Amino acid sequence: MAIQRPKGTQDLLPGTIEQWQYLEETIRSVCREYGYEEIRTPMFEATELFQRGVGQTTDIVKKEMYTFQDKGDRSMTLRPEMTASVCRAYVEDKLYGQPQPMKLYYIGPMFRYERPQSGRFRQFHQFGIEVLGADQPIVDAEVISLVWNLYKRLGLIGLEVHVNSVGCPICRARHREQLQEFLAARKSKLCNDCQERFERNPLRILDCKNPSCQEETVGAPTTKDTLCEDCSTHFEKVLAILGRAGVVYRVNPRLVRGLDYYTKTAFEVMVEEIGAQSAICGGGRYDKLVEEIGGPPTPGIGFAMGIERVLAALQVQHKLPEEKPKLFAMLIALGEQAQIEGFALLSDLRSQGMPVGMDLLGRSLKNQLKSANRQGVRYALILGEEELARKVLVIRDLTLGEQMEVSLVDAVEEINKKYQRGV
RNA sequence: GUGGGUGUGGCGAAGUGGUUAACGCACCGGGUUGUGGUUCCGGCAUUCGUGGGUUCAAGCCCCAUCACCCACCCCA
């Protein structure tokens with residue numbers, strides 16, 4: 001058996017790569033409009049960065065990291081997410097010394113060692129943004145509204161934006177305590193998974209899909225009941241701004257995010273119809289993270305969006321742009337001399353910005369035309385010995401089935417005219 | 001890590017023990033000397049993921065193995 005690509009990775013081939021480019025271009029223009037600048041960080045980092053940044057107790061760190069020893073016997077890890085890296089760069093490159101806040105975005109591959117399934121890969125791609133150095137509720141609203149408007153521009157429908165506040169470390173601890181108290185009596189009625197979650201992550205029980213667990217958690221204390229004054233007003237302000245901006249959201253008091261670093265605002269965007277992994281975006285505020293990895297106390301907020309999942313949603317909703325012909329014209333040269341002259345003509349056309357091609361397989365006139373037609377090329381530029389002798393070029397419109405002759409000296413100009421007209 | 005499903009040419013897909021492995025699409029070539037899109041003709045799997053086994057005989061049965069898919073956990 002020939003060598004195969006590693007499990008959970010993919011080759012992006014011509015035909016789909018255009019969809020990626022379209023999505024990336026749309027992302028970049030929305031980011032530009034919101035005043036975000038791109039950041040690129042290494043694809044691997046010291047393992048410790050993720051252990052501290054993402055959190056020792058998370059599944060990502062406990063079982064999903066691609067970790068290896070380098071030749072200097074240092075433990076390195078392929079990045080499973082990028083927030084920790086961006087915060088590391090913020091500290092290491094002293095971005096706190098620049099005008100604040102830093103508004104950054106990234107697009108790139110992430111790596112998690114998991115069993116692949118629909119919408120889940122070992123190498124997957126995320127677009128994300130991070131705002132560092134601003135703690136105002138309006139920042140939270142801007143971040144959420146950026147994704148919202150991106151999805152709107154892409155034409156996605158049927159999305160659900162869930163918003164919650166997980167509070168600061170103080171009220172979060174109180175919530176956890178009250179929740180455990182509430183659930184203690186019902187623990188035996190919960191599913192096995194939830195019984196395990198009881199100690200490790202009781203908040204997650206609220207999110208269990210098991211119907212009986214949902215029943216048992218009715219009336220459980222929510223984050224909303226336990227938020228401190230500061231967290232609660234922050235949350236209210238975020239919601240007010242979002243509402244006025246036209247973002248349709250749902251407050252979901254059961255929304256808890258999996259990564260340890262979140263504080264206050266947490267949110268998630270879901271689409272059904274792309275399979276079990278329906279979250280296409282997740283994010284929130286992380287006011288303690290920069291400090292955690294050794295930087296100055298700095299508030300932060302961001303999100304990560306799964307490129308593959310958004311593409312899947314665009315696909316099922318038929319919102320991807322149609323495939324366009326790659327070439328505008330195809331030169332059909334007959335005879336060696338014509339091939340040499342035609343090749344030079346192509347160079348001229350290309351230098352004017354026109355995408356043009358010619359047969360590279362030595363095919364007959366008939367098969368060259370057939371091939372041009374199948375590729376959806378609009379014009380065939382026929383140059384044979386006869387044309388060459390008369391210093392003319394036949395421009396054949398393959399859509400209309402009509403052709404005209406132009407003198408070779410005027411050819412580039414004539415073709416360019418058609419190109420500019422878009423026909 | 002756990003459970004289920006699938007594996008036939010570039011793609012889709014017949015075939016459920018018996019001579020040469022349907023068909024469709026795509027691709028390549030041709031239908032007399034330089035004009036495509038329709039049509040016609042031809043080419044394109046010594047072989048059915050891989051390795052064993054059963055049998056006179058296996059793509060079809062058994063075992064193992066690998067790969068992919070889906071779901072759980074969790075997440076983008």
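Arg 285 is buried, with a relative accessible area of 0%; buried means under 20%, exposed over 50% and partly exposed in between, for a 1.4 Å probe and protein chains only. Asp 140 is likewise buried at 0%. Their side chains meet in a salt bridge of 2.6 Å, N to O, the term being used for a side-chain nitrogen of Lys or Arg within 4 Å of a carboxyl oxygen of Asp or Glu. The two residues are 145 residues apart, Arg 285 in strand S10 (residues 279-285) and Asp 140 in helix H5 (residues 137-154). Helices (H or I, at least four residues) and strands (E, at least two) are DSSP runs, numbered from the N terminus.

This is a predicted model, in which local features need pLDDT of at least 70 and side-chain atom pairs pLDDT 80 or more, while totals for chains, interfaces and linings use all residues. Residues are numbered from 1 along each chain as its sequence is written, and side-chain values use heavy atoms, without hydrogens and water.

The structure holds 21 salt bridges. One of them joins Arg 390 and Glu 405 at 2.5 Å, N to O. Arg 390 lies in helix H15 (residues 385-390) and Glu 405 in strand S16 (residues 402-407), so the bridge ties together parts 15 residues apart in sequence. Arg 390 is partly exposed at 42%, and Glu 405 is partly exposed at 44%. Salt bridges with shared partners also join Arg 28, Glu 38 and Arg 40 into one network.

Helices H6 (residues 169-184) and H7 (residues 192-200) have axes that come within 10 Å and cross at roughly 145°; axes are lines fitted to C-alpha atoms over the stretch in contact, with angles from 0 to 180 degrees between N-to-C directions. Arg 176, Gln 180, Leu 183 and Ala 184 of H6 make the contact with Phe 198, Glu 199 and Arg 200 of H7, where contact means heavy atoms within 4.5 Å.

How values were computed: Chains lettered and ligands numbered in written order.
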